[in-house]
Amino acid sequence: MKIAVVGLSHKSASVEIREKLSIPEADLEGAIGKLHSYPHIEEVVVISTCNRLEIYAVTKETERGVGEIIQFLSQRSQIPLHQLQRHLFILLHQDALRHLMRVAAGLESLVLGEGQILAQVKTAHKLAQKYKGLGRLLDRLFKQAITAGKRVRTETNIGTGAVSISSAAVELAQMKVEDLTTQQVAVIGAGKMARLLVQHLLAKGAKNISIVNRSQRRAQELVGQFPNANLPTYPLADMMKVIAASDLVFTSTGATQPILNRQKLAESLSQSQSLMLLDISVPRNVAGDVMELDNVQAYNVDDLKEVVAANQESRRQMARRAEALLEEEVSGYMLWWRSLETVPTISSLRNKIENIRSQELEKALSRLGKEFADKHQDTIEALSRGIVNKILHEPMVQLRAQQDIEARRRCLKSLEELFNLDVGQQYS
């Protein structure tokens with residue numbers, strides 16, 4: 001098996017590094033195409049979220065394929081290799097499988113059990129398929145990982161409670177200001193994470209929430225999901241005016257460069273006004289220089305760890321049960337993968353027997369005469385196919401299900417010798 005994952009996450013890299021390696025959805029087609037063009041990479045899927053960038057690949061030769069991925073990341077981020085490598089993790093073969101299962105289940109998330117990551121894994125799979133990065137091995141792996149993620153959420157309670165970056169951001173805000181009901185709140189953005197922000201803010205009692213977004217249609221769609229709340233919307237051109245009237249601002253947009261910085265805030269805020277900014281975007285929406293302003297408090301996704309820590313202990317108990325479920329899914333994938341080496345022998349055997357069947361059927365029909373043959377050919381053909389399929393079915397099922405690798409290989413060799421099959425070197 002030559003499956004590898006190269007990546008980094010909130011565990012290994014700060015938000016400053018992660019934003020340089022983030023691959024927006026609009027860039028994914030080019031990124032997958034570039035990776036797929038390398039000589040040692042056969043399949044590729046990219047997962048890019050606010051807390052991780054992971055590239056899964058099937059390689060022709062592991063060391064060279066991994067090297068090509070790291071070179072791609074260095075060139076894209078403009079981070080020299082010697083600096084980048086300290087932030088990267090590399091997992092191979094079964095470790096790579098297990099890691100993807102854990103990611104899909106939310107066990108690798110900043111917020112243990114986070115629900116949004118499963119949708120992000122589904123999107124990564126869908127886009128890799130769309131942009132021709134997928135082959136048989138990663139297609140099956142991602143489908144199995146999605147199944148694993150669903151099982152963990154169905155069969156454990158790990159997904160209950162505050163389990164998203166958005167909910168953690170709202171909890172952090174509540175810790176800092178105590179009473180959200182008195183705060184004038186602005187949410188910049190109208191995507192999924194912004195929707196979750198609004199949902200959790202309303203649940204915590206926030207009453208004065210304004211939505212700022214480039215697309216007013218998207219903003220209205222978001223507002224439409226909360227018919228009982230009064231949520232005024234504003235175009236991006238009014239952003240600084242809305243911020244100047246706010247106490248608390250959450251940013252969650254897909255911008256690739258900061259939309260707020262020290263200069264913009266200094267020009268818009270009075271000296272006596274205090275403002276709290278919570279930026280849950282990667283790349284960051286809020287530039288680091290805003291911290292130079294005495295009247296501004298700014299937090300990003302890396303600052304959510306103190307909130308997350310308070311919720312983690314109860315989830316760790318559930319995670320142990322989830323680990324056992326994931327091992328079942330890893331074993332299921334490995335069983336399928338090992339069965340692939342039976343395919344060439346089975347195909348060769350089927351082809352040989354089909355040729356024999358066709359030749360013998362042709363002889364029999366010619367002896368029966370044209371009138372009889374024309375009238376009954378379909379019936380006789382179905383009969384001969386049915387006999388062949390029934391004879392082959394049970395041995396093929398048993399062969400694929402054999403978990404002892406050496407025993408299965410001995411069976412394959414015996415079949416090749418007994419039936420004089422020309423399969424070639426199919427396994428190592």
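Let's start with a local pair: Arg98 and Asp95 join their side chains in a salt bridge, at 3.6 Å from N to O. Both sit in helix α5 (residues 94-105), and being three residues apart, they are separated by about one helical turn. Arg98 is partly exposed at 24% relative accessibility, and so is Asp95 at 45%. Keep in mind that this is a predicted model.

Arg385 counts as partly exposed, with 37% relative accessibility.

Now for a pair that reaches across the chain. Arg284 and Glu16 meet through their side chains in a salt bridge (3.6 Å, N to O). Arg284 is in the loop between β9 (275-279) and β10 (296-299), while Glu16 belongs to helix α1 (residues 15-21), so this bridge ties together parts 268 residues apart in sequence. Arg284 is buried at 14% relative accessible area, whereas Glu16 is partly exposed at 36%.

There's a network, too: salt bridges link Arg151, Glu155, Arg321, Glu328 and Glu329. Across the whole structure, the search turns up 22 salt bridges.

Zooming out, the protein has 16 helices and 10 strands. Its radius of gyration is 29 Å, well over the 22 Å that the globule rule gives for 428 residues, so the protein is more spread out than a compact globule. The C-alpha trace spans about 105 × 50 × 40 Å along its principal axes. Even so, 50% of the residues are buried.

Notes. Residues are numbered from 1 along each chain as its sequence is written. This is a predicted model: local features need pLDDT of at least 70, side-chain atom pairs count only at pLDDT 80 or more; totals for chains, interfaces and linings use all residues. Side-chain values use heavy atoms; hydrogens and water are left out. Helices (H or I, at least four residues) and strands (E, at least two) are DSSP runs, numbered from the N terminus. The radius of gyration is taken over C-alpha atoms; the globule rule is 2.2 Å times the number of residues to the power 0.38. Buried means under 20% relative accessible area, exposed over 50%, partly exposed in between (1.4 Å probe, protein chains only). A salt bridge is a side-chain nitrogen of Lys or Arg within 4 Å of a carboxyl oxygen of Asp or Glu.
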